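Reader: Hi! I'm new to this one, could you walk me through it?
Author: Happy to, let's have a look together.

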Amino acid sequence: MATYRTASEEETIRLGEELAAALPPRRAVLLIGNLGAGKTTIAKGIVKGLGAAEPDEVSSPTFTLIHEYGSQGRVYHIDLYRLDEQRAVATLGLDEIFDREAVVLVEWGERFPQLMPAERTEIRIRSTGPDEREIEISELS
Ligand code: ADP
Ligand code: MG
């Protein structure tokens with residue numbers, strides 16, 4: 001497990017860019033943390049690092065549930081915040097998305113552990129001050 005600390009939104013975006021370079025072409029990445037922790041912010045950096053879009057083109061998929069970036073759909077960004085039941089999540093067809101040669105970023109995926117791939121990266125973000133964040137990366141097999 002690796003731990004990082006950032007002191008601004010920009011630093012978190014930069015960290016996301018660096019982490020993107022180490023991701024395999026197919027990987028589920030769970031972004032875990034409270035509302036406002038910085039999950040969408042680090043997603044901006046990862047999408048940028050993968051060359052799929054610029055940070056200001058990346059917005060929260062809270063209402064749309066799934067965003068796709070890059071010409072060949074190399075990055076998906078999913079937010080399950082608004083879904084309460086596993087049954088509702090199951091209708092999204094996430095398995096099919098996880099099977100693609102893509103990096104799949106998921107906010108609130110830890111609420112539905114049975115629907116998440118066992119092999120995944122977990123990025124945990126914790127607020128340690130107004131602009132400070134502690135960011136832990138774990139690789140699950
Ligand atoms: P989440 O997706 O976890 O709900 P967001 O990424 O949408 O969170 O929002 C994070 C908020 O925290 C933004 O308003 C951002 O500007 C602010 N922020 C302040 N410091 C940081 C930091 N070090 N890293 C990430 N975001 C930060
Ligand atoms: Mg978010």
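Predicted model: local features only at pLDDT ≥ 70, side-chain atom pairs only at ≥ 80, totals over all residues.

Reader: Great! In what order do the strands of the sheet come?
Author: The order is β1-β7-β6-β2-β5-β4-β3, seven strands in an open sheet with mixed pairing.

Reader: And which strands stand at the edges?
Author: Those are β1 (2–6) and β3 (66–69). Each has a single partner strand, so one side of each has no neighbour in the sheet. From one strand to the next, the twist averages 20°.

Reader: What about β2, in which sense does it pair with β6?
Author: Parallel: β2 (residues 27–32) and β6 are joined over five bridges. Ile32, for instance, has Arg124 in β6 as its bridge partner.

Reader: Now the helices. Which strands does α1 touch?
Author: Helix α1 (residues 9–21) packs against β1, β6 and β7 (133–140), and its direction makes about 150° with that of β1. Helix α2 (residues 39–49) lies across β2, β3, β4, β5, β6 and β7, at about 170° to β5.

Reader: Switching topic: how many aromatic pairs are there?
Author: The count is one aromatic pair. The ring centres of Tyr81 and Trp108 are 5.2 Å apart and the planes are at 45°, so this pair is tilted.

Reader: Where do those two residues lie?
Author: Tyr81 is in the loop between β4 (75–79) and α3 (86–90), and Trp108 in the loop between β5 (103–107) and β6 (120–127), so the pair ties together parts 27 residues apart in sequence.

Reader: Is Trp108 buried or exposed?
Author: Trp108 counts as buried, at 14% relative accessibility, whereas Tyr81 is partly exposed with a relative accessible area of 37%.

Note on methods:
Residues numbered from 1 in each chain as written. Chains lettered and ligands numbered in written order. Heavy atoms only, no water. Phe/Tyr/Trp six-rings, centres within 6.5 Å; stacked < 30°, edge-to-face > 60°. Helix = DSSP H or I, 4+ residues; strand = E, 2+ residues; numbered from the N terminus. Buried < 20%, exposed > 50% of the residue type's maximum accessible area, 1.4 Å probe, protein only. Pairing = 2+ DSSP bridges. Axes fitted to C-alpha atoms, helices over the stretch in contact; angles between N-to-C directions. Contact = heavy atoms within 4.5 Å.
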